[in-house]
Amino acid sequence: MIFCPLEWFPLNKPSAGDYFQMLYNITTPFLLLKAKFLSQDQINEYKECFSLYDQKRSGKMKAQDLLTVMRSLGCCPTLQELDRHLLTHEIDKRGELDFSTFLSVMHAQIQQENPRAEVLQAVRLMDTSKQGFITAAELRARLTGFGERLTDQEVDELLSEAGVTYDVQINDEGFAKMVTFLTG
């Protein structure tokens, strides 16, 4: 049991909320130690985002907000993956999850996502000749014309950062490796 001096509390009468906040402040470092798989920067970013959705300041967020929070942090879970995460932690879709559970869900999602494989698959779909290469012009046309369209400026920046000039052929695997290195 943890004892704290009464002068820590206003009017020397700790409320249930005071005890909860104290418990939360004491246990959070231990939860973070549990999260060895995440960097301190990631944990801080996740904590900040989690806090935005902890509307009651109870240390919990609504399960219905989980998809939005995960996507805002760069993950791309499907609805089925989200349901699986909630089921794994025995959380109802109308329920709530605490920060420790949130870290666990984020870790599981990060482990299953493989951006390099996804980029490689997308580039290989563009490689109609199946030779392992596409031209920069083909890539530009696809990125500006299909799906979530990029602007010419965004494509220029991407190709520039990847060291690709306009007239060059792009190796599928090399490009996927370079793009995920730049964004990861």
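The crossing of helices α2 and α5 is right-handed in this predicted model. On the α2 side the contact is made by Gln-42, Ile-43, Tyr-46, Lys-47 and Phe-50, and on the α5 side by Phe-99, Phe-102, Leu-103, Met-106 and Ile-110. Sorted by class, this contact of α2 with α5 comprises eight nonpolar residues, one polar and one charged.

Helix α5 also packs against helix α4, and the crossing of α4 and α5 is right-handed. Here Glu-81, Arg-84 and His-85 of α4 meet Val-105, Ala-108, Gln-109 and Gln-112 of α5. The classes in the contact of α4 with α5 are two nonpolar, three polar and two charged residues.

The geometry of the two pairs is as follows.

| Helix pair | Packing angle | Axis separation |
|---|---|---|
| α2 (residues 40–53) and α5 (residues 99–112) | about 120 degrees | 11 Å |
| α4 (residues 79–88) and α5 | about 135 degrees | 10 Å |

Angles of 65 to 115 degrees count as roughly perpendicular and those over 145 as roughly antiparallel. With an angle of about 120 degrees, α2 is therefore oblique to α5. The helices α4 and α5 are likewise oblique to each other.

A separate point concerns helix α7, which spans residues 136–145 and has Ala-136, Leu-139, Arg-140 and Leu-143 buried. These residues lie on the same side of α7, because they cover an arc of only 100 degrees around the axis. An α-helix has 3.6 residues a turn, so residues three or four places apart point the same way. Just after α7, Gly-147 adopts a positive phi of about 60 degrees.

Key
Residues numbered from 1 in each chain as written. Predicted model: local features only at pLDDT ≥ 70, side-chain atom pairs only at ≥ 80, totals over all residues. Heavy atoms only, no water. Buried < 20%, exposed > 50% of the residue type's maximum accessible area, 1.4 Å probe, protein only. Helix = DSSP H or I, 4+ residues; strand = E, 2+ residues; numbered from the N terminus. Arc of directions from axis to C-beta. Axes fitted to C-alpha atoms, helices over the stretch in contact; angles between N-to-C directions. Parallel < 35°, antiparallel > 145°, perpendicular 65-115°, else oblique. Left-handed = near helix turned anticlockwise from the far one by under 90°. Contact = heavy atoms within 4.5 Å. Nonpolar A, V, L, I, M, F, W, Y, C, P; charged D, E, K, R; others polar.
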